[in-house]
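I open this notebook to record what I looked up in the structure shown here. The entries go from the whole chain to single residues.

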There are 2 protein chains.
Amino acid sequence: MNIGDVAAQSGLPSKTIRYYEEIGLVKPARDPNGYRSFSDANVHVLTFVAHARALGFSIDDCRQLVALWENQSRASADVRALAQSHLQQIETKIADLEAMRATLSDLIRDCAGNTRPDCPILERLADQS
Amino acid sequence: MNIGDVAAQSGLPSKTIRYYEEIGLVKPARDPNGYRSFSDANVHVLTFVAHARALGFSIDDCRQLVALWENQSRASADVRALAQSHLQQIETKIADLEAMRATLSDLIRDCAGNTRPDCPILERLADQS
DNA sequence: ATAAGGGTTCCAGTAACTGTAAGGTCAAGC
DNA sequence: GCTTGACCTTACAGTTACTGGAACCCTTAT
């Protein structure tokens with residue numbers, strides 16, 4: 001399979017697939033003309049990575065997940081731990097963003113949003129205390 | 001004021017302050033020995049930027065916010081629009097993260113997390129459908 | 001022969017810093 | 001006068017995960 005077909009099948013841009021090869025996530029063979037030749041196993045790895053990325057796992061996490069996936073004698077606890085730690089980070093991010101959202105929407109609510117220059121948003125950002 | 005004092009006062013690392021000078025957010029004078037010399041106005045800008053960054057505004061947003069702040073004849077509507085659009089992005093991010101969280105916690109809940117290799121998390125990631 | 005639509009590599013750019021190295025300056029203490 | 005330590009300086013590389021672009025090769029159809 002050529003890279004374009006893999007892109008269509010996995011949903012990943014060709015550019016990204018080449019990048020994944022560059023960083024060693026996938027190692028397609030090469031045809032005599034230099035084109036990458038993807039095996040079914042290669043495509044499965046890429047699809048797997050695409051799914052993991054969509055859940056917000058980092059490339060490094062993906063590397064570990066692929067290794068666990070390919071390791072027949074893995075312990076599900078290891079996968080779970082990885083996912084758990086990632087979930088934790090997501091929850092932290094959500095909390096941070098929700099705090100920002102709360103502050104921002106308060107400020108926006110208090111801002112007249114007219115042609116006058118007085119603005120509680122700027123006042124708050126400029127607050128030295 | 002030297003950079004160390006400004007760092008202490010603004011809460012920003014010296015490194016970051018130097019970076020902000022490099023990208024033109026702040027333009028401190030220089031002492032004869034080459035040290036940066038920050039005016040009160042410089043420090044106010046940096047504090048302002050620190051606050052805006054803490055609310056998740058991008059550097060580019062910060063640039064515009066500082067410009068509005070320094071413009072006596074600004075319209076509060078312009079500030080509000082900027083904040084509104086930023087809030088929108090934050091809400092999108094929160095929604096994305098919440099979707100990830102939902103999927104992830106379902107998967108984690110279904111994973112035994114023991115020494116056996118069978119794992120619904122990996123199964124889901126590997127799912128071709 | 002040529003044109004379209006693949007494929008290839010390599011280099012630069014993105015956001016917002018952070019780390020590190022190599023070196024200059026200043027005030028205090030011996 | 002000299003050293004030590006804390007501060008300051010610049011410059012360059014590295015981070016994350018790609019993305020865009022240029023220049024060029026391969027294949028197939030007309």
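**Conventions.** I worked from a predicted model, in which local features need pLDDT of at least 70 and side-chain atom pairs count only at pLDDT 80 or more, while totals for chains, interfaces and linings use all residues.

**Chain A, overall form.** I found six helices and two strands in chain A, taking helices (H or I, at least four residues) and strands (E, at least two) as DSSP runs numbered from the N terminus. From the N terminus, I read their order as α-α-β-β-α-α-α-α. The radius of gyration of chain A is 23 Å, well over the 14 Å that the globule rule gives for 129 residues, so chain A is more spread out than a compact globule. Here the radius is taken over C-alpha atoms, and the rule is 2.2 Å times the number of residues to the power 0.38. Along its principal axes, the C-alpha trace of chain A spans about 70 × 40 × 25 Å.

**Burial and core.** I noted that 40% of the 129 residues of chain A count as buried; buried means under 20% relative accessible area, exposed over 50%, and partly exposed in between (1.4 Å probe, protein chains only). The largest nonpolar core has 80 residues, such a core being a set of buried Ala, Val, Leu, Ile, Met, Phe, Trp, Tyr and Cys residues joined through side-chain atoms within 4.5 Å. Among the residues with the most contacts inside this core are A:Leu65, A:Ile121 and B:Phe57.

**A:Ile121.** Leaving aside neighbours within four places in sequence, I find A:Ile121 in contact (heavy atoms within 4.5 Å) with residues including A:Leu107, A:Cys111, B:Val79 and B:Ala83.

**A:Leu55.** Is A:Leu55 buried or exposed? A:Leu55 counts as buried, at 10% relative accessibility. I located A:Leu55 in the loop between α3 (40-54) and α4 (59-70) of chain A. Not counting residues up to four places away in sequence, A:Leu55 touches A:His86, A:Ile90, B:Met100, B:Thr103, B:Leu104, B:Leu107 and B:Leu125.

**B:Glu123.** I located B:Glu123 in helix α6 (residues 120-126) of chain B. B:Glu123 counts as exposed, at 54% relative accessibility.

How values were computed
Residues are numbered from 1 along each chain as its sequence is written. Chains are lettered from A and ligands numbered from 1 in the order in which they are written. Side-chain values use heavy atoms; hydrogens and water are left out.
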